[in-house]
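Please read them with the sequence and the structure open beside you.

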Amino acid sequence: MNSTTVRRVTVLGTGVIGTSIALALRRAGIHVALSDQDIGSLATAECMGAGIALMPDDPPADLVVIATPPSTVVSVLRDAQARGLGAVYTDVASTKARISADAELAGCDLTSYVPGHPMAGRELSGPHAAHADLFAGRPWALCPHPATSPEAVRVVAEMVAVCGGAARILAPDAHDRVVAAVSHAPHLVSAALAARFAGADATTLSLVGRGLQDTTRIATGAPGLWCDILEQNAESVATVLDAVVRDLTEAASALRRSDRARSGALADLLTRGNRGREHIVAA
């Protein structure tokens, strides 16, 4: 049974992240109300036991979780606050700086809003892909505005803990630089590699192994959602891609040379790759 002070949560958006949060909260005995413009997605989440549909006469929640695409978060937040849906608000979008700035410009109540981002997800989308353990042991970035109240941060951190996540406080700009490196740019790199096989013939595909499958796994993300994410964090992602492109351009140039410098240039990249992989695995 739930022993936290968060007893009622409203989740706006029943995609994979919103539904996974709802399932984790329901498992802890917390009352969850769900809302989504997609009636089919909402019905699926309800059937999965993630909660019940939000009703107009429902009392305000202790916490409202906005699980909608990044470009919609501010408008959803402003509407939810105007309707008095809850005491504290958070979101789960994977970009933070632009959303925080736009929320301030839109006149949202920043004292009760804690921008958030669980560092967990799946290449699949929709409520069917959700599960209650999605956030177990995973970091969950919280990027409060200077005006955000400590109580609001405490409430959201409590919800994160119930979901099995580990709250990490970051400034919005720092968050966006980090996720550009660890999530957003890797997605584009994976997509660029997978795109080489969009028109591949049967002979080529018959020789595909686990290495290529693993490297391109995340390229299956929904293009519409990912365009939204990337546009929200464009400059940080472009900076990471520039560095990757420089490495690959140098590697291509080295491969076209016939002198001894070719091996040295390739060995340098491969050695740095080994070292980077060790750091990733050890993290």
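This is a predicted model: local features need pLDDT of at least 70, side-chain atom pairs count only at pLDDT 80 or more; totals for chains, interfaces and linings use all residues.

1. Before the helix pairs are discussed, one convention is needed: an axis here is a line fitted to C-alpha atoms, for a helix over the stretch in contact, and an angle between two axes runs from 0 to 180 degrees between N-to-C directions. With that in mind, the axes of helix 6 (residues 172-195) and helix 9 come within 11 Å of each other and cross at roughly 125°. Helix 6 is therefore oblique to helix 9, and the crossing in which helix 6 passes helix 9 is left-handed.

2. The protein chain contains eleven helices and nine strands, and its C-alpha atoms fill a box of roughly 75 × 45 × 30 Å when taken along the principal axes. Of the 283 residues in the protein chain, 39% are buried. Among contacts between residues at least 6 apart in sequence, 72% join residues that are at least 24 apart.

3. Which residues make the contact between helix 6 and helix 9? On the side of helix 6 they are Ser183, His184, His187 and Leu188, and on the side of helix 9 they are Trp226, Ile229 and Leu230. Sorted by class, the contact of helix 6 with helix 9 has four nonpolar and three polar residues, with no charged residues.

4. Helix 9 (residues 223-232) also holds glutamine 232, and this residue deserves a separate look. Is glutamine 232 buried or exposed? Its relative accessibility is 11%, and because a residue under 20% relative accessible area is classed as buried, glutamine 232 counts as buried. Once its neighbours within four places in sequence are left aside, glutamine 232 is in contact with Pro70, Ser71, Thr95, Arg98 and Ile99.

5. Val73, Val74 and Leu77 in helix 3 meet Ile99, Asp102 and Ala103 in helix 4. By class, this contact of helix 3 with helix 4 has five nonpolar residues and one charged residue, with no polar residues.

6. Apart from its neighbours within four places in sequence, alanine 103 is in contact with Val74, Leu77, Cys108, Leu110 and Tyr113. By way of a distance across the model, the C-alpha atoms of alanine 103 and alanine 267 are separated by 47 Å, the two residues being 164 residues apart along the chain.

7. In what order do the six strands of the open sheet with parallel pairing run? The order is 3-2-1-4-5-6, and the edge strands are strand 3 (52-53) and strand 6 (113-114), each of which pairs on one side only. Strand 5 (residues 86-91) and strand 6 run parallel and are joined by two bridges, and the bridge partner of tyrosine 89 in strand 6 is tyrosine 113.

8. Helix 1 (residues 16-27) lies across strand 1 (8-12), strand 2 (31-35) and strand 4 (61-66), and runs at about 160° to strand 2. Helix 2 (residues 39-47) packs on the sheet, where it touches strand 2 and strand 3, and its direction makes about 160° with that of strand 2.

9. There is also an open sheet of three strands, with the order 7-8-9 and mixed pairing. Strand 7 (116-118) and strand 9 (166-169) stand at the edges with a single partner strand each, so one side of each is left without a neighbour in the sheet. The twist averages 25° from one strand to the next.

10. Strand 7 and strand 8 (residues 139-142) pair in the antiparallel sense over three bridges, and the bridge partner of proline 118 in strand 8 is tryptophan 140. Strand 8 and strand 9 run parallel and are joined by four bridges, with alanine 166 in strand 9 as the bridge partner of proline 139.

Definitions and conventions
Residues are numbered from 1 along each chain as its sequence is written. Side-chain values use heavy atoms; hydrogens and water are left out. Contact means heavy atoms within 4.5 Å. Ala, Val, Leu, Ile, Met, Phe, Trp, Tyr, Cys and Pro count as nonpolar, Asp, Glu, Lys and Arg as charged, and the others, Gly among them, as polar. Two strands pair if DSSP finds at least two bridges between them. Buried means under 20% relative accessible area, exposed over 50%, partly exposed in between (1.4 Å probe, protein chains only). Angles under 35 degrees count as roughly parallel, over 145 as roughly antiparallel, 65 to 115 as roughly perpendicular and the rest as oblique. A crossing is left-handed if the near helix is turned anticlockwise from the far one by less than a right angle, and right-handed if clockwise.
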